[in-house]
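Here are a few exercises to work through with the model open on your screen. Try each task before you read its solution.

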Amino acid sequence: MIDIDRRSAFMALGLLATGGLLPPAVARAQQRDAAPAFPTHPVHLLVGYPAGGGSDLMARPLAQKLSERWAQPVLVENRPGANGNLAIEAVARAAPDGYTLLLANMAQLVTNPVVYRNLTVDTLRDLAPVAQIIEAVQVVVISAAVPAGTLAEFLALARQAPGRFNMGSSGNGGMSHLALELLKRRAGVDIVHVPYRGSAPALQDLLAGNVQLMIDPYGPFVGRAEAGLVQVLAVTSLARIPALPDVPTMSETPGLEGFEATGFGGVVAPAATPRVVIAQLEEAVAWAMREPELERTYIAQGLTPHFADAAAFRDRIARGHETWGRVAREANITVD
């Protein structure tokens, strides 16, 4: 008579021999092999802003690499309008088959949803994260005319003269605006927000001395900083960045410990996209992000490559809703 342990072992061997019980690695490999071929025709990667903008510059190098991976065209389509919301709507309503994707940024997935009153898409409910590809670090920049050499010195000046300093941003409710509101609360300062129609006119007024402060991605400031026209005081990430190793983080300033105000770029799909397709998309993006050429391209654009899988990206979006939603409510920031 066979005892229970021996009987179980024999049964397991029989199942293994017939394919009924497989080691996890083998099982996962068979699942990948059993997945339907994808893609079998061109994939559309939407961008919610005009050609040549930040999101477009993220999308096109990625699309090229994905085309190489899949041996299928990945077509970048610019769908500008409503601060990126039109593209969000288009993808949320697209067929959930993996063939319509969106290269989305922090504004589209987090800040727009927490400040716009009447959006038709819930980005947590109606979209499926695929992968994060970029960590969008911003910098705190002041006019060269401001007599401060550090962020702590600038904040001390602002406390001495409430309402004296102005900050220019690309518009109401954007990441820069929310970062300023969080800074005002953490540092106990009164700095006036001046919204512009984009960052370019805000930068011109910074150079002209009409505003004294901006919080924005580093790219547009590079030449001006090198020429001494503006001064970079800090970065908004928790760790210093390779492009500016000598520039401290905001968190290093006394009273701002733990301060973080970074954005991101990543790929999302319609919410009902099958998990097996999301996994195939995630794997392809992960492969592309391991390619040195793509990494060099992003770094040359002043971006910080950062891959996070679908689950981690979903968590990042959810945390953003919680953090920046609270800031928006406390500052009473809404956009019609």
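**Exercise 1. Find what the buried residues of H5 pack against, and list those residues.**

Start with the partners: the buried residues of H5 pack against H4, E3, E4, H7, E10 and helix H12 (310-331). Here buried means under 20% relative accessible area (exposed is over 50%, partly exposed in between; 1.4 Å probe, protein chains only), and packing rests on contacts, that is, heavy atoms within 4.5 Å. The H and E labels are DSSP runs numbered from the N terminus: helices (H or I) have at least four residues, strands (E) at least two.

Next, pick out the residues themselves: Met 106, Ala 107, Gln 108, Leu 109, Val 110, Thr 111, Asn 112 and Val 115. Eight of the ten residues of H5 are buried, so this helix is largely enclosed by the rest of the structure.

**Exercise 2. Decide how far to trust the coordinates.**

First, the ground rules. This is a predicted model, with residues numbered from 1 along each chain as its sequence is written. Local features need pLDDT of at least 70 and side-chain atom pairs count only at pLDDT 80 or more, while totals for chains, interfaces and linings use all residues; side-chain values use heavy atoms, with hydrogens and water left out.

Now the scores. pLDDT is the predictor's confidence in each residue, from 0 to 100. The protein averages 89, and 90% of the residues score at least 70. Over residues 6-20, though, the pLDDT is below 50, and this stretch has eight contacts in the model beyond near neighbours in sequence. Where pLDDT is low, the predicted coordinates should not be read in detail.

**Exercise 3. Work out which residues line the largest cavity, and which helix gives the most.**

Begin with the rule: on a 1 Å grid over the protein atoms alone, a cavity is a set of points where a 1.4 Å probe fits but cannot get out, and a pocket is an open set with protein on both sides within 12 Å along at least five of seven lines; lining residues have an atom within 4 Å of a point. Points join across faces, edges and corners, and a volume is the space filled by probe spheres set on them.

By this rule there is one cavity of 30 Å³ or more, and the largest has a volume of about 50 Å³. Its lining is Asn 85, Ile 88, Glu 89, Gln 108, Pro 113, Leu 119, Thr 120, Val 121 and Thr 123. H4 gives the most, with three residues. Asn 85, Ile 88 and Glu 89 are also among the buried residues of H4.
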